[in-house]
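Hi everyone, and thanks for making time today. I'd like to walk you through a structure that may be new to you, so please take a look at it with me.

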Amino acid sequence: MSLLVVGSVAFDALQTPFGSTDRTLGGAATYFSLAASLMAPVRLVGVVGDDFSAADEATFRGRKIDLDGLERAPGKSFFWSGRYSDDLRTRQTLTTELNVFATFEPKLPAAYQDSQYVFLGNIDPVLQRHVLAQMRRRPKLVALDTMNYWISGSSEELAKTLRMIDALLINDEEASQLGGEHNILRAVKRIMSMGPSAVIIKRGEYGAMLFQGDTIAAVPAYPLEKVYDPTGAGDSFAGGFMGYLASQRKSSHEFMRKAMVYGSVLGSFAVEKLGVERLRTLKRRDVERRARDLVKMTHIRL
Ligand code: AMP
């Protein structure tokens with residue numbers, strides 16, 4: 001079933017305690033697409049500059065990722081650099097160069113306008129609405145990611161966008177900021193009153209929680225002996241979550257719970273190597289194996 005993503009396709013410079021790179025393919029939509037396309041075909045909307053090479057394109061072409069919506073603009077692609085602390089718990093952004101992203105206006109090819117599953121990656125909330133305005137019919141599920149920059153800088157525009165979506169994927173700190181409450185349950189209730197009927201809180205190494213109506217589901221992070229590079233874990237979680245729902249053609253609570261497992265599994269693979277390296281070689285059978293292991297770990301009968 002059709003899954004559309006809009007977001008950044010970038011080059012990243014990464015410094016982790018285990019290794020670094022001056023330039024590697026990154027961006028939220030990149031991580032999302034590589035993760036989601038293991039489960040369902042993905043349509044990507046974004047922009048790259050003339051530094052985006054045939055080899056970069058090949059990373060996507062090796063998967064079921066449609067690039068008709070990936071615009072080429074003169075200039076450089078979005079560039080981001082970040083450095084992690086020794087315990088990987090904090091990250092410092094060193095550079096954000098918007099480049100071609102600064103004037104980006106997402107345009108949906110006609111064939112994308114009937115997409116049933118839509119993921120609005122972390123971009124300006126005005127542009128997120130601009131994507132929805134181009135849909136020919138109401139998608140089955142619209143999910144959104146955002147960050148502190150938009151929560152504090154564009155709160156009114158973000159509020160308008162939140163009224164139009166079904167699910168919000170966000171980390172715990174950002175949820176507290178958006179909901180205006182330190183307590184996560186109270187923050188989630190406030191967020192739900194703003195529009196989304198489902199809120200997914202990503203808590204890094206502590207797993208993730210799904211809130212929907214009065215129901216809560218929690219999934220742990222898959223325990224790893226070595227985390228190499230946490231970049232893109234959240235976007236890969238979103239890719240696993242949405243990719244699973246699109247593959248099942250479902251959006252009910254029961255399936256969202258199952259999708260949480262796939263989100264957690266894809267997030268765990270993404271952090272095992274530098275940049276998108278691990279996702280590049282990942283196979284569906286690896287995902288299924290880890291999903292079964294994760295379910296076994298959490299299945300406790302009383
Ligand atoms: P995450 O680790 O989930 O926050 O995602 C990291 C990815 O997001 C990197 O590959 C960056 O290229 C991309 N990124 C960083 N900052 C931004 C931003 N302001 N807007 C869009 N994408 C970004």
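Before we start, one term: a polar contact here is a pair of N or O atoms within 3.5 Å. Please also keep in mind that this is a predicted model.

With that term in hand, look at Arg91: an N or O atom in its side chain sits 2.8 Å from an oxygen atom of the ligand. Asp235 has a side-chain N or O atom 2.9 Å from a ligand oxygen. Over at Ser8, a polar side-chain atom is 2.8 Å from a nitrogen atom of the ligand. How much of the ligand does the protein bury? On its own the ligand exposes 510 Å², and 83% of that is buried by the protein.

Now let's step back to the whole shell. The ligand is surrounded by 16 residues, with Ser8, Asp12, Gly27, Arg91 and Gly232 the closest. By type, the shell has six nonpolar, seven polar and three charged residues. Which elements each supply at least two of the shell residues? They are β2 (10-16), α1 (28-36), β7 (78-84) and α8 (233-248).

Finally, a look at the backbone. Most residues other than glycine have a negative phi. Leu88, in the loop between β7 and β8 (91-97), has a positive phi of about 65 degrees. Leu88 counts as buried, because its relative accessibility of 17% is under the 20% cut-off. Asn99, in the loop between β8 and β9 (117-120), also has a positive phi, of about 50 degrees. Asn99 is partly exposed, with a relative accessible area of 29%.

Note on methods
Residues are numbered from 1 along each chain as its sequence is written. This is a predicted model: local features need pLDDT of at least 70, side-chain atom pairs count only at pLDDT 80 or more; totals for chains, interfaces and linings use all residues. Side-chain values use heavy atoms; hydrogens and water are left out. A residue is near a molecule or strand if one of its heavy atoms lies within 4 Å of it. A polar contact is a pair of N or O atoms within 3.5 Å; within protein, one must be able to donate a hydrogen and the other to accept it, and residues adjacent in sequence count only if both atoms are side-chain atoms. Accessible areas come from the Shrake-Rupley method with a 1.4 Å probe; for residues, only the protein chains shown count as cover. Helices (H or I, at least four residues) and strands (E, at least two) are DSSP runs, numbered from the N terminus. Ala, Val, Leu, Ile, Met, Phe, Trp, Tyr, Cys and Pro count as nonpolar, Asp, Glu, Lys and Arg as charged, and the others, Gly among them, as polar. Buried means under 20% relative accessible area, exposed over 50%, partly exposed in between (1.4 Å probe, protein chains only).
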